[in-house]
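Subject: Structure handover and notes

Dear colleague,

I am passing on the structure we spoke about, with the sequence alongside it.

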Amino acid sequence: EPVQQPVIYSTRGKEFFLKPHNATLCFALGILLFFLPFAEFKCGNMSLLGNTGFGIAIGQQWKITAGLGKNEFMKKLDESSKTDKDIMKEGTNIFALVALVAGLFGIIIAFVKVKWRVLAGLCAGILGAIMLLALMIQFKLLMRSMLSEKAAGEGPDFDVGGILKLQFTFW
């Protein structure tokens, strides 16, 4: 019987994420994007509220963005009930927090000289992406339930006079 020769795979061109500085750069860029605007509530084309990824992760209050109707929006918000103002502030969001921690873990693990560094970085990146998708789904479901409660007359009596939609920013 002929002896089979072992197959040798080349890793040239596939080494980008195997180098610590490249993986660190990608994770650091992901962490920096957490500090940019992440999601906005819009009425038509006018942005009403906005928050960063970090703000969502730690439960920071949504900020009223500068727009043409900012003064009118503030007046309606001041006249509205306390529960309407609580809509703008939520507690710590576990999905955003886990995604942020996964990114930090990816940066740290990129400097560690262990055999499983690449696998751990890959897992951290996948976990972060899954948590951000879960965050998006959670916000979409929350927005849908708020709008259905408003239509049924059970929700807050704060009305902005148009269709309110949630939009995630595209960096």
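Predicted model: local features only at pLDDT ≥ 70, side-chain atom pairs only at ≥ 80, totals over all residues.

Residues are numbered from 1 along each chain as its sequence is written, and side-chain values use heavy atoms, with hydrogens and water left out.

The sheet

Four strands make up an open sheet in the order E3-E2-E1-E4, with antiparallel pairing; helices (H or I, at least four residues) and strands (E, at least two) are DSSP runs numbered from the N terminus, and two strands pair if DSSP finds at least two bridges between them. At the edges are E3 and strand E4 (164–168), each of which pairs on one side only. Strand E1 (residues 37–43) is joined to E2 by six antiparallel bridges and to E4 by five bridges, again antiparallel. Lysine 42 has serine 47 of E2 opposite it, and it also stands opposite lysine 165 in E4. Between E1 and E2 there are two residues, which gives a hairpin, and glycine 44 in the turn has a positive phi of about 70 degrees. On its other pairing, E2 meets strand E3 (residues 63–64) over two antiparallel bridges, and here glycine 50 has lysine 63 as its bridge partner. Strand E2 (residues 46–52) is largely enclosed by the rest of the structure, because five of its seven residues are buried, where buried means under 20% relative accessible area, exposed over 50% and partly exposed in between (1.4 Å probe, protein chains only).

The core and the aromatic rings

Phenylalanine 139 is buried, since its relative accessibility is 8%. Leaving aside residues up to four places away in sequence, phenylalanine 139 touches Ile56, Trp62, Asn93, Leu166 and Phe168, contact being heavy atoms within 4.5 Å.

Six aromatic pairs were counted, on the rule that rings of Phe, Tyr and Trp (its six-membered ring) pair if their centres lie within 6.5 Å, with planes under 30 degrees apart counted as stacked, over 60 as edge-to-face and the rest as tilted. Phenylalanine 34 and phenylalanine 38 are stacked, because their ring centres are 6.5 Å apart and their planes are at 15 degrees; both residues are buried. The rings of phenylalanine 139 and phenylalanine 168 are also a stacked pair, because their centres are 6.2 Å apart and their planes at 20 degrees. Since phenylalanine 139 lies in helix H6 and phenylalanine 168 in strand E4, this pair ties together parts that are 29 residues apart in sequence. One aromatic cluster is formed by Phe34, Phe38, Phe41, Trp62, Phe139 and Phe168.

Alanine 129 belongs to helix H6 (residues 117–152) and counts as partly exposed, because its relative accessibility is 40%. The C-alpha atoms of alanine 129 and alanine 99 are 7.1 Å apart, although 30 residues separate them along the chain.

With best wishes
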